[in-house]
Amino acid sequence: QVQLQESGPGLVKPSQTLSLTCTVSGDSITTNNYYWSWIRQPPGKGLEYIGMMAYSGSTYDGPSLKSRTSISRDTSKNQFTLQMSSVTPEDTAVYYCARFVGGRGYDYWGQGTQVTVSS
């Protein structure tokens, strides 16, 4: 069974950099054809794609946040990490990591972690 678990600070101050880590178990993040994604849901709004890292290490950033985000990975720990710079209160959201498979979409999700940006 594939499991994803987000971790990171629940509270971040404006202008700081947010860092979230997704730990994957039950599968390797280097398995062919899987893409490891970050998605968020601001309060009262729909899901927003942030970006993803492919099994190869290539990254695919979402258009709205690409200037402030980067995704990296630690294959020895089977983790991938989101960094988002210069956060504002508008970045307050529940952040999810998920696995994407071509032809199937998102098939496994983490439980989500609440991030609040506030001074």
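Modeller: Let's start with Cys-97. Its relative accessible area is 0%, so Cys-97 is buried. Keep in mind that this is a predicted model.

Biologist: Which residue is Cys-97 joined to by a disulfide?

Modeller: Cys-22. The S to S distance is 2.1 Å.

Biologist: And Cys-22, buried or exposed?

Modeller: Buried, because its relative accessibility is 0%. The cut-off for buried is under 20%.

Biologist: What's the handedness of the link between Cys-22 and Cys-97?

Modeller: Right-handed, with 65° about the S-S bond.

Biologist: How many disulfides does the structure hold?

Modeller: It holds 1.

Biologist: Switching to sheets. What's the strand order in the open sheet of 4 strands?

Modeller: β1-β3-β8-β7, with antiparallel pairing. The edge strands are β1, residues 3-7, and β7, residues 69-74. Each of those pairs on one side only. From one strand to the next, the twist averages 20°.

Biologist: How many bridges join β1 to β3?

Modeller: There are 5, and the two strands run antiparallel. β3 covers residues 18-25. As one example, Gln-5 has Thr-23 as its bridge partner in β3.

Biologist: Now Thr-81. Which strand is it in?

Modeller: Thr-81 lies in β8, residues 79-84.

Biologist: Why does Thr-81 count as buried?

Modeller: Because its relative accessibility is 16%, and the limit is under 20%.

Biologist: Which side chain does the Thr-81 side chain make a polar contact with?

Modeller: That of Thr-21, at 3.2 Å.

Biologist: What else does Thr-81 touch, beyond four places in sequence?

Modeller: Its contacts include Ser-19, Leu-20 and Trp-38. Ser-70, Ile-71 and Ser-72 are also among them.

Biologist: On to the core. How many residues are in the largest nonpolar core?

Modeller: It has 25. Leu-18, Trp-38, Phe-80 and Tyr-95 have the most contacts inside it.

Biologist: Which strands each supply at least two residues of this core?

Modeller: β3, β4 (34-41), β5 (48-54), β8, β9 and β11 (113-117).

Technical notes. Residues numbered from 1 in each chain as written. Predicted model: local features only at pLDDT ≥ 70, side-chain atom pairs only at ≥ 80, totals over all residues. Heavy atoms only, no water. Pairing = 2+ DSSP bridges. Axes fitted to C-alpha atoms, helices over the stretch in contact; angles between N-to-C directions. Buried < 20%, exposed > 50% of the residue type's maximum accessible area, 1.4 Å probe, protein only. Polar contact = N/O pair within 3.5 Å; in protein donor to acceptor, adjacent residues only side chain to side chain. Contact = heavy atoms within 4.5 Å. Disulfide = S-S within 2.5 Å. Core = buried A, V, L, I, M, F, W, Y, C linked by side-chain atoms within 4.5 Å.
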